[in-house]
Amino acid sequence: MKKLAALTLAFCLVLALGGCRGNTGSSGSSTTAVQKNGAIYYLNFKPEVAEVYQKIAEAYQKETGVELRVVTAASGTYEQTLKSEMAKSDAPTLFQINGPLGYLNWKDYCADLSDTELYRHLKDKSLAVTSGGKVYGIPYVVEGYGIIYNNAILQKYFETEGAKAASAEQINSFSKLQEVVEDMTAKKEQLGIDGVFACTSLKPGEDWRWQTHLANIPISYEWMQGGVNLTGEETREIAFSYNENFKNIFDLYLKNSTVAPKLLGSKQVMDSMAEFALGKCAMVQNGNWAWNDIKGIEGNTVKEEDIHFLPIYTGMEAEETQGLCIGTENFFCINAKASEDDQKRAADFICWLFSSETGKKLVTEELGFIAPFDTFSADEHPNDPLAGEVAAWMNKEGVRNIGWNFTLFPGQTFKDHFGSALLQYAQGNMSWDEVVARTVDDWKVQSASR
Amino acid sequence: MQKSLRKYFAVFVLPTLVAFVIAFLLPFLFGLYLSFTRFTTVTNTQWVGLENYIRAFTDNNDFLHALGITAAFTVVSACSVNLLAFGLALLLTRGLRGTNLFRTVFFMPNLIGGIVLGYIWQLIINGLLLRAGVDITYDPKYGFWGLVVLMNWQMIGYMMIIYIAGLQNLPGDVLEAAEIDGASPWQKLRRVTIPMVMPSITICTFLTLTNSFKLFDQNFALTAGAPMKKTAMLALDIYNTFYGRIGDEGVGQAKAVLFFLMVAVIAALQLRATRSREVEQ
């Protein structure tokens, strides 16, 4: 009897094990079956448009019969997800990198794209990620950032007695901006706001608006004025010579904000956007992607026609002609380790997305991308107010927009260190000189392993 | 029975062995290998020898600093959790009114996930510090003690249950004998109760020590290392190294191997130390 029981038990165990194996076997074969019919696996970077990609996949399958599988990495975890997905046998065929440094990390996986049709349609070839005359990343969206302002509040201010400016156009330098902002702070009760600027979110992981976007401006000026070759070795070190300019604007943000500087360590970007959307402040530094955040906040009081961009002035010389910071950190790459057929399929898909009528419509209306390709006519841009503004700034006469050179910053660790130094400075625990010294030092250290 | 056990030994041990090899041994050995390589994805590696281990200490001070914080935190929280849990267990085995209700209430925090707890306590602590016009990132002390409070709040209930189980198993005759011999309550606790619940103490110190040492979620959600990584513990430092900079994955992996060794040594030492004090009932 005991023997029988033992045997039955053992048999059950073997069955269970066998069952497991059977399952994995069948799921494995189903994926290969799909690949035979032709499938694309895209690892998407932008969680805010994850649902749109499902629509795109449906439309693409309807038109071409090719299956498109889109997986979206959670916000801020793209590198992690890509690392683990790439190690699988069923790896993404289409993925993205964030610029030249991202390319260095993924160069073994980036296929040469110079012969793809999409690259031929790229308007400004200098935007692409290239190495040794070959093209490895094609930018697919152009974005811009600056100081977003709520014109309704500004108009209210311009009508007050002794206003320092009569219209937003008159604010064309740091000194003017400072004058206006400080006067607005003095009149904040009258204007019904808690502060001029939304809070300077400095929580770790939520500080990219300062350690990346704002820092781009002085660094870009430094490289521009020094005539630095951006693809060379010179970018391994910086002098941070325009640190005073960074401090100018950063201090202005801190001192005229809705939240006291010592409380900024727990503030998130969403807190800032909520303050702006609810009309508690007049300005916030962010980019055109923020429109979805502003629109999505319940009780939003900001009208669409009142939202505009102001360049981020830092007190540089002749900054009247400075525009927004316009560029990209989203580059399509095709997995070089995928089969040739799969690579071709991925290239066909991105070409379809940005040149077919259906694809273009999805891009401008659903994804809300300003696409840098000649297949788009001048009036084919997204109709949200911020994207419209960016498109307008791109085409403005006599304006010098600043590129997105932060793609050359030496990595996330550097940015995190800089962000935490900024927090210490805001809290009054670190002098500005020390912040500068640490930043210059850390840049060098963090560039060493690249 | 003995004979058939021997006969079917392989059959019975096989499933567990297979699971153990697939889910633990292979990944562990592979991880060990990765710590000696430079890699982007785990399938694309390049042998670099001991470089990662050297860089773990020479690139910056983060690892040693995190080790210091972790050691301090582990000592403080393991002591406080065990003392408080034991105290509660003593109180709740006296047959007071509402004992069951209290046991449930104290156990509840253990059912909430670490990330959620981290965010909740961040709100609470920031709310308190708001009176002083600062927040939790202002001073590393706030983050450290915040983490201790959080850990206590979460772990006490669980350890309490283990202690209660131990206390309920105490043989009444020994205590009775002590009482007849005229032992004071303190003497009874010190000379009878504690030696008798030593197995529970072993398991509780083991759990608190290793859990505190390996803490990640709560650390990540409460401060994420702010200010300036001064509250980043080992697990968080490994995570930051691994994902922070291109080319540092191997260094993170090397730190993880060192981390494993430390946890293993501490756990082994602790088990040996407390085991030796256990008494046969």
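Q: Is the crossing of helix 3 of chain B and helix 9 of chain B left-handed or right-handed?
A: This is a predicted model, and in it the axes of helix 3 (residues 62-91) of chain B and helix 9 (residues 198-213) of chain B come within 9 Å and cross at roughly 145°. The crossing of these two helices is right-handed.

Q: How many charged residues are in the contact of helix 3 of chain B with helix 9 of chain B?
A: On the side of helix 3 of chain B, the residues that meet helix 9 include Phe73(B), Ser77(B) and Val81(B), while Cys204(B), Thr208(B) and Leu209(B) are among those that helix 9 of chain B brings to the contact. Sorted by class, the contact of helix 3 with helix 9 of chain B has seven nonpolar and seven polar residues, and the number of charged residues is none.

Q: What term describes how helix 5 of chain B lies to helix 6 of chain B?
A: Helix 5 (residues 114-129) of chain B packs against helix 6 (residues 140-168) of chain B at an angle of about 130°, and their axes are 11 Å apart. Because angles over 145 degrees count as roughly antiparallel and those from 65 to 115 as roughly perpendicular, helix 5 of chain B is described, relative to helix 6 of chain B, as oblique.

Q: How many nonpolar residues are in the contact of helix 5 of chain B with helix 6 of chain B?
A: In helix 5 of chain B, Leu117(B), Trp121(B), Ile125(B) and Leu129(B) meet Tyr142(B), Gly146(B), Leu150(B) and Gln154(B) in helix 6 of chain B. When the residues of this contact between helix 5 and helix 6 of chain B are divided by class, two are polar, none is charged, and the nonpolar ones number six.

Q: Which helix of chain B gives the most to the side of chain B that touches chain A?
A: The contact between the chains takes 30 residues from chain B and 34 residues from chain A. At least two residues of the chain B side come from each of helix 1 (2-34), helix 5 and helix 11 (234-244) of chain B. With five residues, the helix of chain B that gives the most to this side is helix 1.

Q: How many residues does domain 2 of chain A give to the contact with domain 1 of chain A?
A: The domain assignment of chain A gives domain 1 (38-142 + 328-376) and domain 2 (144-326 + 393-447), and their centres, taken over C-alpha atoms, are separated by 30 Å. The contact takes nine residues from domain 1 of chain A, and from domain 2 of chain A the number is seven.

Q: Why does Ala111(A) count as partly exposed?
A: Ala111(A) is found in the loop between helix 4 (100-106) and helix 5 (117-121) of chain A, and, leaving aside residues up to four places away in sequence, Ala111(A) touches Ile334(A), Asn335(A), Ala336(A) and Gln343(A). A residue is buried if 20 or more other C-beta atoms lie within 10 Å of its own, and exposed if 12 or fewer do. Ala111(A) counts as partly exposed because the number of other C-beta atoms within 10 Å is 19.

Q: What percentage of the residues in chain A is buried?
A: Chain A has 17 helices and 12 strands, and its C-alpha atoms fill a box of roughly 95 × 60 × 50 Å along the principal axes. Of the 450 residues in chain A, the buried ones make up 44%.

Methods. Residues numbered from 1 in each chain as written. Chains lettered and ligands numbered in written order. Predicted model: local features only at pLDDT ≥ 70, side-chain atom pairs only at ≥ 80, totals over all residues. Helix = DSSP H or I, 4+ residues; strand = E, 2+ residues; numbered from the N terminus. Axes fitted to C-alpha atoms, helices over the stretch in contact; angles between N-to-C directions. Left-handed = near helix turned anticlockwise from the far one by under 90°. Contact = placed C-beta atoms within 7 Å. Nonpolar A, V, L, I, M, F, W, Y, C, P; charged D, E, K, R; others polar. Parallel < 35°, antiparallel > 145°, perpendicular 65-115°, else oblique. Domains from an automatic or database assignment.
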